[in-house]
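Hello,

Please find the structure below. My notes on it follow.

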Amino acid sequence: MSDAAQYTREEQAAVRAIVAAGGTPDCPRCSVAMTLRHIGGGSFGLGYARQREWLICPTCHRSALFDIKRGTRN
Ligand SMILES: [Zn+2]
């Protein structure tokens, strides 16, 4: 594990709220659009419906990883 800088709990909560609403957040530090990567689905063998959203700031390289609960439609 790296010791890369992290967002504060408050910053993570703000980013998460935007992601949960379906938006793409800006970095709370840099005010630039963060890169959103979807992690999950069946390919990682998690065995249940789950998706993670990984937000990376292209400027300061802080990142935040969230479990996003989505409605299952199957
Ligand atoms: Zn940043």
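His 61 is exposed, because its count of other C-beta atoms within 10 Å is 12. The cut-offs are these: a residue is buried if 20 or more other C-beta atoms lie within 10 Å of its own, exposed if 12 or fewer, and partly exposed in between, with C-beta atoms placed from the backbone. His 61 sits in the loop between β2 and β3. Its phi is near 65°, a positive value in a residue other than glycine.

Before the rest, two notes on reading the model. It is predicted, so local features need pLDDT of at least 70, side-chain atom pairs count only at pLDDT 80 or more, and totals for chains, interfaces and linings use all residues. Residues are numbered from 1 along each chain as its sequence is written.

Confidence

pLDDT is the predictor's confidence in each residue, from 0 to 100. The protein chain averages 81, and 73% of the residues score at least 70. Among the elements, α1 has the highest mean pLDDT (91) and β1 the lowest (84). Where pLDDT is low, the predicted coordinates should not be read in detail.

Overall layout

The protein chain has 1 helix and 3 strands. From the N terminus, the order is α-β-β-β. Helices (H or I, at least four residues) and strands (E, at least two) are DSSP runs, numbered from the N terminus. Of the 74 residues in the protein chain, 14% are buried. Take the contacts between residues at least 6 apart in sequence: 38% of them join residues at least 24 apart. Contact here means that the C-beta atoms of two residues, placed from the backbone, lie within 7 Å.

The sheet

The 3 strands form an open sheet in the order β1-β2-β3, with antiparallel pairing. β1 and β3 are at the edges with a single partner strand each, so one side of each has no neighbour in the sheet. The twist from one strand to the next averages 20°. Strands count as paired if DSSP finds at least two bridges between them.

β1 and β2 run antiparallel and are joined by 6 bridges. Leu 36 has Leu 55 in β2 as its bridge partner. Ile 39 is opposite Arg 52 in β2.

β2 (residues 51-56) and β3 (residues 63-68) are also antiparallel, joined by 6 bridges. Trp 54 has Leu 65 in β3 as its bridge partner. For Glu 53, the partner in β3 is Phe 66. The two strands form a hairpin with 6 residues between them, and His 61 lies in that turn.

The helix

The largest nonpolar core has 7 residues: Tyr 7, Val 15, Cys 27, Met 34, Leu 55, Cys 57 and Ala 64. Such a core is a set of buried Ala, Val, Leu, Ile, Met, Phe, Trp, Tyr and Cys residues joined through C-beta atoms within 7 Å. Leaving aside neighbours within four places in sequence, Cys 57 contacts Cys 27, Cys 30, Val 32, Met 34 and Arg 62.

Asp 26 counts as partly exposed because it has 15 C-beta neighbours inside 10 Å. Not counting residues up to four places away in sequence, Asp 26 touches Ser 31, Val 32, Ala 33 and Met 34. Asp 26 and Ala 14 are 12 residues apart in sequence, with 9.9 Å between their C-alpha atoms.

Ser 31 is in the loop between α1 and β1 too. Ser 31 counts as exposed, because it has 9 C-beta neighbours inside 10 Å. Its phi is positive, near 55°, in a residue other than glycine.

Best wishes

Notes:
Axes are lines fitted to C-alpha atoms, for helices over the stretch in contact, and angles run from 0 to 180 degrees between N-to-C directions.
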